[in-house]
Structure formats: C-alpha cells, structure tokens
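Please read the following report alongside the sequence and the three-dimensional coordinates.

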Amino acid sequence: MPENNNRWTSDHLMKPGGTALYGAQQRERLRQMADEVRALLREYRADLENIKFDGDKPFEARIRAFLASRPLAQLESDLRDAVNHAGKLDAEYQRRYVELPIKREKKAEKKELEKARKKGLNTARAVNTAGHLNGLSSALNEPIGDGKGVAKKTGTEGGDHTFLDFLEKRA
C-alpha cells in the first residue's frame with residue numbers, strides 16, 4: 001500500500017496501475033474475510049443444530065439453526081460479491097478512461113475517411129450530373145429525324161435554348 005499514512009487516496013488510484021493494485025489488495029482482503037465468515041458460519045450452524053428443545057419435530061433444530069444463521073450467510077455472500085466488484089474496478093477504469101479515448105479517435109478517423117470518400121463521390125456525382133445536363137442541353141438543339149431539335153419541337157423559338165427553357169415548357 002502506498003506510503004501516505006497507509007491510506008489509499010484518489011491520487012493513488014489515478015496513477016498507472018493504481019486501480020489494478022488497489023483492486024487486487026481489496027480482493028485478497030475481502031476473500032480472506034469471506035473465508036473466515038464461512039468457517040464461522042459452519043461452526044455456528046453446527047453448534048445451533050445441537051441445541052434441541054423438548055417437542056422438536058424431525059429437522060426442526062436444523063431449520064431453526066439455518067434461519068438463525070442466515071444473516072451470517074448473507075454477510076458471506078455479500079463479501080463474495082464485494083470480491084467480484086473489486087475485481088471489476090480496474091477493468092471498468094481501463095474501459096472508460098484508457099480505451100474510450102482511443103476508440104473515439106479511431107471512430108473520428110473513420111468518420112473523416114467516410115466524409116472524404118463521400119465528398120469524392122459527391123464530386124463525381126456533380127461531374128456526372130453536369131455531364132448529363134450538358135448532354136441534355138445539347139440534345140435540345142440537335143436535330144432529330146425531322147431536322148428539328150427537341151427545343152424547336154416543344155415550341156421554344158429563338159436562339160440559344162437552355163435546360164431551364166426545357167424545364168419551363170415541361171412544367
């Protein structure tokens with residue numbers, strides 16, 4: 001344990017490996033306490049079972065001993081749970097404070113790559129759309145079988161016809 005009046009502080013836990021060391025120490029301490037409580041529970045329950053009263057039915061002394069020692073059994077169970085919780089301390093710290101920033105950085109890089117890829121597709125779409133518009137506008141003026149362009153067939157008269165003219169006529 002760190003030398004600060006033999007007391008753990010948050011500063012100790014924040015140091016690299018602090019939560020792992022603290023968790024390991026607490027797990028061992030709690031495990032020893034749970035083992036002591038279990039041994040005491042068995043001894044206590046056995047002694048209680050040996051106390052018989054006149055008029056006891058079969059197994060009544062055993063049931064009474066079980067019920068009377070239940071708080072001690074619950075204490076042992078809670079200590080075992082505490083051992084498990086102490087074991088999760090470092091894992092939770094690692095997941096939420098060490099791995100999370102790395103995970104978010106990777107996610108941001110992936111997002112940037114996706115954004116760049118989409119921007120590239122949007123640029124390709126814009127070029128492709130411009131090509132289609134250019135093709136449509138030239139098709140408006142190109143003669144079709146009868147020698148007239150689409151623009152002339154739709155009734156737009158005059159010099160240069162644009163795609164907007166085509167759209168206005170269709171609307």
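The sections below describe the model by topic.

## Basis and confidence

This is a predicted model, in which local features need a pLDDT of at least 70 and side-chain atom pairs count only at pLDDT 80 or more, while totals for chains, interfaces and linings use all residues. Residues are numbered from 1 along each chain as its sequence is written, and side-chain values use heavy atoms, with hydrogens and water left out.

The chain averages a pLDDT of 81, and 71% of the residues score at least 70, where pLDDT is the predictor's confidence in each residue, from 0 to 100. Confidence is highest in helix 2, at a mean of 95, and lowest in helix 5 (residues 150-153), at a mean of 50. Helices here are DSSP runs (H or I, at least four residues), numbered from the N terminus.

## Nonpolar core

The largest nonpolar core consists of 8 residues, namely L30, A34, V37, L41, L72, L79, V83 and A86. Helix 2 (18-49) and helix 4 (70-141) each supply at least two residues of this core. Such a core is a set of buried Ala, Val, Leu, Ile, Met, Phe, Trp, Tyr and Cys residues joined through side-chain atoms within 4.5 Å; buried means under 20% relative accessible area, exposed over 50%, and partly exposed in between (1.4 Å probe, protein chains only).

## Salt bridges

A search of the whole structure finds 9 salt bridges, each defined as a side-chain nitrogen of Lys or Arg within 4 Å of a carboxyl oxygen of Asp or Glu. D35 forms a salt bridge with R80, with the closest N and O atoms 2.8 Å apart. This pair links distant parts of the chain, since D35 belongs to helix 2 and R80 to helix 4, 45 residues apart. D35 counts as partly exposed at 40% relative accessibility, and R80 also counts as partly exposed, at 23%.

R38 forms a salt bridge with E76, again with the closest N and O atoms 2.8 Å apart, and this pair likewise links distant parts of the chain, R38 in helix 2 and E76 in helix 4, 38 residues apart. R38 is partly exposed at 34% relative accessibility, whereas E76 is buried, with a relative accessible area of 9%.

Within helix 4, E114 and R117 lie 3 residues apart, about one turn of the helix, and their side chains meet in a salt bridge (2.5 Å, N to O). E114 counts as partly exposed at 33% relative accessibility, as does R117 at 46%. Elsewhere, salt bridges that share partners join D35, R38, E76 and R80 into one network.

## Surface patch and F59

F59, I63, F66 and L67 make a nonpolar surface patch of about 430 Å². Patches of this kind are made of residues with over 30% relative accessible area and no salt bridge, with nonpolar side chains (Val, Leu, Ile, Met, Phe, Trp, Tyr) joined within 5 Å; accessible areas come from the Shrake-Rupley method with a 1.4 Å probe.

F59 lies in the loop between helix 2 and helix 3 (60-68), and F59 counts as exposed at 59% relative accessibility. The phi of F59 is near 65°, a positive value in a residue other than glycine. Most residues other than glycine have a negative phi.

Key
Patch = residues over 30% accessible without salt bridge, like charges linked within 9 Å, V, L, I, M, F, W, Y side chains within 5 Å.
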